[in-house]
Amino acid sequence: MNKIFLNLGLQPLANRLLDKKELKKKELKLPLKIQFNTKSFLVSLKNTVSSKEMFNDKYPYRSSSSKTINNEYKKLSNKIKKTLKPKSVLEVGSNDGTFLKYFDKRTTVGIEPVKKHAKITKKNGFFTYDNFWTIKLANQIAKKYKKFDLIFSANTLSHIHDLDESIKAIKLLLNTNGTFILEDPSLLKIILNNAYDQFYDEHIYVFSTLALKNILIKHNLEIYKIENLKTHGGSNRYYICKSGLKKIEKSFFNNIKNEKKSHLHKIIAYKNFSIRINNSRKNLKELLIKLKNNNKKIIGYGASAKSTLIFNYCKLTSSEVSYFTDSTKDKQNKYLPGVKIEIRKQPMNITSDVDYSFLGAWNFYEEIKIKERNFLKNGGRFITHVPYPRILK
Ligand code: TMP
């Protein structure tokens with residue numbers, strides 16, 4: 001049974017940035033409610049929009065936009081080549097090729113429905129299907145290729161409505177001894193960090209190990225290892241194989257133990273989370289208004305989808321945060337959906353007239369802190385809402 005535990009209000013599509021000429025147009029919005037399934041333990045959105053609405057050529061997210069992600073995939077690809085030694089690789093959700101590029105062009109295939117991203121990997125010589133991931137597509141691929149030794153999918157399966165179909169399609173193309181690596185935000189980290197901004201239209205599902213295990217069992221697949229990552233504010237990398245094929249490693253049991261310790265299998269954990277999120281909204285708003293009343297200039301750093309969620313949920317506007325900056329070209333000179341805050345090109349360094357910078361990309365703070373050391377040296381400060389709203393020292 002699905003039980004709603006969090007209501008994030010009426011939200012626009014988080015990555016559907018607005019052009020200046022669209023500012024007066026009516027935006028598509030959906031009531032964003034988050035639910036917990038008491039039987040499968042799966043956390044998901046109550047209402048969703050169609051994939052075509054979310055992932056079209058207006059979709060600006062580029063996985064190559066952060067050094068952290070680039071380094072992470074370089075490290076991972078080296079490790080995979082050494083340990084799993086795959087002879088063929090399929091990536092579901094290859095974006096602009098940040099992971100794919102480390103593998104052999106002749107034996108690697110990408111799937112990316114955002115055509116302008118698929119164009120990049122195609123141009124770089126990788127066979128890329130610019131389609132949505134479905135069983136129909138998997139059948140089509142099966143006719144052309146043999147099965148794959150490695151199927152990789154980061155931050156993608158959680159975006160697809162029909163989870164069972166997605167997994168069925170993966171199983172269809174996975175070699176008997178093959179490995180499926182799935183990477184997605186960790187529900188445990190979200191709950192512990194009060195990072196409610198991970199709940200937005202694209203994240204139809206947010207996985208716990210407990211829930212994923214239950215879903216995979218139905219397909220005769222199992223998790224044999226988990227790596228806890230820092231990316232996207234805390235993600236899990238699940239190593240999955242056909243059931244009974246590999247020894248289940250300690251990391252799997254540890255993750256289950258930690259999730260149970262935080263009661264992720266019980267509705268109470270989510271109800272308590274919801275109370276904390278209400279307080280977080282109130283406190284963030286109060287903090288920004290207080291600074292503004294003291295004539296401080298505040299900007300946003302990183303116009304992430306998460307920022308859209310936070311600003312619309314907290315009803316923050318350009319009265320509090322003058323503008324955002326972002327390093328992604330496609331996001332510049334646009335406006336944050338709903339609250340319509342301008343997004344500017346990110347200068348080499350935050351300009352000296354800025355007193356505070358709200359971390360829309362809080363998950364990249366380690367990287368940003370280094371880049372913006374002069375801002376900090378000159379007395380500038382960052383603001384974050386995780387795990388609770390505050391000015392970072
Ligand atoms: P993400 O958390 O969804 O990956 O989005 C992070 C956004 O922040 C993305 O649009 C890129 C942007 N960004 C900057 O503008 N400057 C930076 O230094 C970093 C690391 C990210």
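In total, 21 aromatic pairs turn up here, a pair being two rings of Phe, Tyr or Trp (its six-membered ring) with centres within 6.5 Å; planes under 30 degrees apart count as stacked, over 60 as edge-to-face and the rest as tilted. The model is predicted, so local features need pLDDT of at least 70 and side-chain atom pairs count only at pLDDT 80 or more, while totals for chains, interfaces and linings use all residues. Residues are numbered from 1 along each chain as its sequence is written, and side-chain values use heavy atoms, with hydrogens and water left out.

Start by selecting Phe99 and Phe152: they form a stacked pair, 3.7 Å centre to centre with 20 degrees between the planes. Phe99 is in the loop between strand E4 (89-92) and strand E5 (108-111) and Phe152 is in strand E7 (residues 148-154), so their pairing ties together parts 53 residues apart in sequence. (Strands, at least two residues, and helices, at least four, are DSSP runs numbered from the N terminus.) Phe99 is buried at 1% relative accessibility, and Phe152 is buried at 0%; buried means under 20% relative accessible area, exposed over 50%, partly exposed in between (1.4 Å probe, protein chains only).

Next, pick Phe127 and Tyr145, an edge-to-face pair at 6.3 Å centre to centre and 65 degrees between the planes. Phe127 is partly exposed at 37%, and Tyr145 is partly exposed at 23%.

Last stop: select Phe5, Phe36, Phe41 and Tyr270, which ring pairs link into a cluster.
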